[in-house]
Amino acid sequence: MLVGCSFIEEDPSSALTEQEAFGSMSALRQNAVLSVYHYIGGNSDSQGLQGTGRGVYDLNSLTTDEQIIPTRGGDWYDGGYWHSLREHTWTADDSSIRDTWDYLFKVVMLCVHGIDRIDRYQLPDADPEELNELRAELRALKAMYYFYLVDMYGRVPIVTRSGIPSDSLTLAERKEVWQYAVDELQQTMPLLSREKSQIPENEYYGRMTYYVAQFVLMKLYINHPVYTGEVNTALYDSVLVCADRLSTSYTLEPALFSNFCLNNEQSVENIFTIPREVGIYSARYNYFHRSAHYNHAAALGIGGENGASATLQTLQVFGYGTEEQDLRFDLYFYYDTVYANDGVVYAEDGVTPLVYHADKIAPDLTGSPYEKNAGARLHKYEHDPNGILDATIGTNDIVLFRYADVLLMAAEALTRLGRDGSEPLNQVRDRVSSKLLTVAPTLEDIYHERWRELMWEGWHRNDMIRFGKWKGCTTVFPIPAELITMHPQWKQNEGYTP
């Protein structure tokens with residue numbers, strides 16, 4: 001569509017004629033709206049909101065003190081890429097930062113194109129009510145993607161229509177992008193479906209709904225000081241309003257594991273997920289495959305890459321090795337002697353049991369006695385023995401938003417308002433038999449509880465910044481250098497070479 005501006009060159013009907021793609025209400029619904037949802041999950045690097053590498057998830061997780069992919073001899077150096085994430089030495093030339101920008105804007109532009117097609121639809125079978133609902137759904141989905149863009153890049157173009165000349169694109173200030181996303185969600189909310197998004201039997205399975213939009217609004221409200229540079233206490237009250245609305249339809253699962261098991265689409269806690277099913281959906285979840293030692297994975301009949309592990313800071317927050325060790329540690333991590341299929345997994349010699357030495361993790365393990373087996377590994381989603389492609393495609397859906405996060409945001413909002421946030425916080429703690437708080441929690445209490453509850457779910461960078469724990473020189477990633485070259489009027493984010 002636009003020469004030299006690839007991040008807005010997306011046409012969802014490119015493989016179909018105009019008549020085939022938009023010649024009826026059913027075709028319009030499929031090709032202008034439903035087709036966009038194929039991109040929320042991904043099956044290659046930098047694609048999808050979660051499940052793949054070198055994209056949204058890695059940039060929000062491996063840049064933090066939550067998890068690490070250490071160098072293990074000849075493994076995981078990869079030109080220093082993983083080191084650059086943990087040391088915050090990435091640059092505006094980093095290809096994964098550009099690819100992630102392109103991915104996020106790809107979905108934005110698919111939404112823009114879809115809205116354009118809906119606005120132009122004038123065939124005899126036009127249903128004005130459905131057209132309004134489809135338009136609202138795409139506007140809200142686009143606003144969700146602007147949440148990720150404002151969080152990760154800060155200043156980005158706000159694109160509202162097709163056919164915008166390349167040289168007219170400007171970078172909106174972060175506060176303006178935040179306001180745009182909030183306005184779009186508030187305006188579209190009355191038209192969004194009240195069906196639950198995580199239930200396969202529902203028409204809106206895996207789609208934007210009223211409840212998904214409420215969750216995104218909560219994220220925009222709770223992070224408003226970061227995105228706007230100002231503190232508006234009324235927006236913390238708005239967080240609580242969203243939480244109350246979500247509480248009418250969602251609750252905590254009695255067993256935390258139910259959110260990540262093979263049939264987790266039955267969860268009453270998950271609000272928005274990426275559908276997965278062998279033979280139906282192609283979205284991949286690579287993280288166990290990436291984390292597991294080769295022999296551990298082989299015992300399960302798949303390949304493993306022996307990479308991602310918990311940091312020492314994570315071990316400390318979970319109370320690893322102490323009498324106060326959090327019960328979620330057993331659910332979220334493989335550690336100590338490794339078992340699979342009800343038996344011990346053995347090391348390379350076939351005799352010695354494989355042991356994950358959780359507290360021996362370090363950024364560079366080359367030459368260490370623990371080079372191959374240091375670090376507690378990912379154990380959150382149930383392994384699907386019938387999965388394919390190293391079980392990266394399986395049955396359990398990938399969890400993006402869940403009600404436990406809603407409760408923790410409510411606790412945080414109450415605390416920031418100077419009120420007692422113990423009630424929603426204790427709901428989360430009580431579910432895993434953690435000691436209940438008898439006094440009002442501090443922000444530090446809430447920060448650590450979010451770390452424990454949401455480990456491996458891709459929120460830690462967002463939390464570190466909001467709670468003042470981020471050690472980097474800038475809280476946003478750079479505008480990709482190639483785009484600065486294409487648009488000389490754009491100014492690079494502060495802290496990066498122009």
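This is a predicted model: local features need pLDDT of at least 70, side-chain atom pairs count only at pLDDT 80 or more; totals for chains, interfaces and linings use all residues.
Is Phe 329 buried or exposed? Phe 329 counts as buried, because its relative accessibility is 0%.

**Aromatic pairs**

The structure holds 35 aromatic pairs. One of them joins Phe 318 and Tyr 332. The geometry is edge-to-face, with 6.3 Å centre to centre and 75° between the planes. This pair links distant parts of the chain, 14 residues apart. Phe 318 sits in the loop between helix H13 (312-317) and helix H14 (328-332). Tyr 332 belongs to helix H14. Phe 318 has a relative accessible area of 1%, so Phe 318 is buried. Tyr 332 is buried too, with a relative accessible area of 0%.

Phe 329 has a partner as well: Tyr 335. Their rings are edge-to-face, 4.8 Å centre to centre, with 65° between the planes. What makes Tyr 335 count as buried? Its relative accessible area is 18%, and the cut-off for buried is under 20%.

Other aromatic residues gather in one cluster. Its members are Trp 90, Trp 101, Phe 105, Tyr 146, Tyr 153, Tyr 180, Phe 477 and Trp 490.

**Charges over rings**

Rings also meet charged side chains. The charged end of Lys 196 sits over the ring of Tyr 250, 4.8 Å from the ring centre. Arg 461 lies over the face of Trp 470, at 5.9 Å from the ring centre.

**Salt bridges**

Side chains of opposite charge can pair when their charged atoms come close. The count here comes to 34 salt bridges. Three of them are set out below.

| Residues | N to O distance | Burial |
|---|---|---|
| Arg 431 and Glu 269 | 2.7 Å | both buried |
| Asp 326 and Arg 328 | 2.7 Å | both buried |

The bridge between Arg 431 and Glu 269 links distant parts of the chain, 162 residues apart. Arg 431 is in helix H16 (residues 422-431). Glu 269 is in the loop between helix H10 (233-247) and strand E2 (270-274).

Which residues are linked in a network of salt bridges? The members are Glu 269, Asp 326, Arg 328, Lys 380, Arg 402, Arg 429, Arg 431, Glu 449, Arg 452, Glu 453 and Glu 457.

Ser 61 is found in helix H3 (residues 56-61). With a relative accessible area of 0%, Ser 61 is buried. Leaving out residues up to four places away in sequence, Ser 61 touches Glu 66, Gln 67 and Gly 458.

Ser 84 has its place in helix H4 (residues 81-87). Its relative accessibility is 9%, so Ser 84 counts as buried. Beyond its neighbours within four places in sequence, Ser 84 is in contact with Thr 89 and Trp 90. Trp 90 is also one of the residues in the aromatic cluster.

**A nonpolar surface patch**

Where does Ile 388 lie? Ile 388 is in the loop between strand E9 (377-378) and strand E10 (398-402). Ile 388 is partly exposed, with a relative accessible area of 38%. Together with Val 278 and Leu 389, Ile 388 forms a nonpolar patch on the surface. The accessible area of the three residues together is about 230 Å².

Terms used: Residues are numbered from 1 along each chain as its sequence is written. Side-chain values use heavy atoms; hydrogens and water are left out. Patches are made of residues with over 30% relative accessible area and no salt bridge: like charges are joined within 9 Å, nonpolar side chains (Val, Leu, Ile, Met, Phe, Trp, Tyr) within 5 Å. Accessible areas come from the Shrake-Rupley method with a 1.4 Å probe; for residues, only the protein chains shown count as cover. A salt bridge is a side-chain nitrogen of Lys or Arg within 4 Å of a carboxyl oxygen of Asp or Glu. Helices (H or I, at least four residues) and strands (E, at least two) are DSSP runs, numbered from the N terminus. Buried means under 20% relative accessible area, exposed over 50%, partly exposed in between (1.4 Å probe, protein chains only). Rings of Phe, Tyr and Trp (its six-membered ring) pair if their centres lie within 6.5 Å; planes under 30 degrees apart count as stacked, over 60 as edge-to-face and the rest as tilted. A charge sits over a ring if NZ of Lys or CZ of Arg is within 6 Å of the ring centre and within 35 degrees of the ring normal. Contact means heavy atoms within 4.5 Å.
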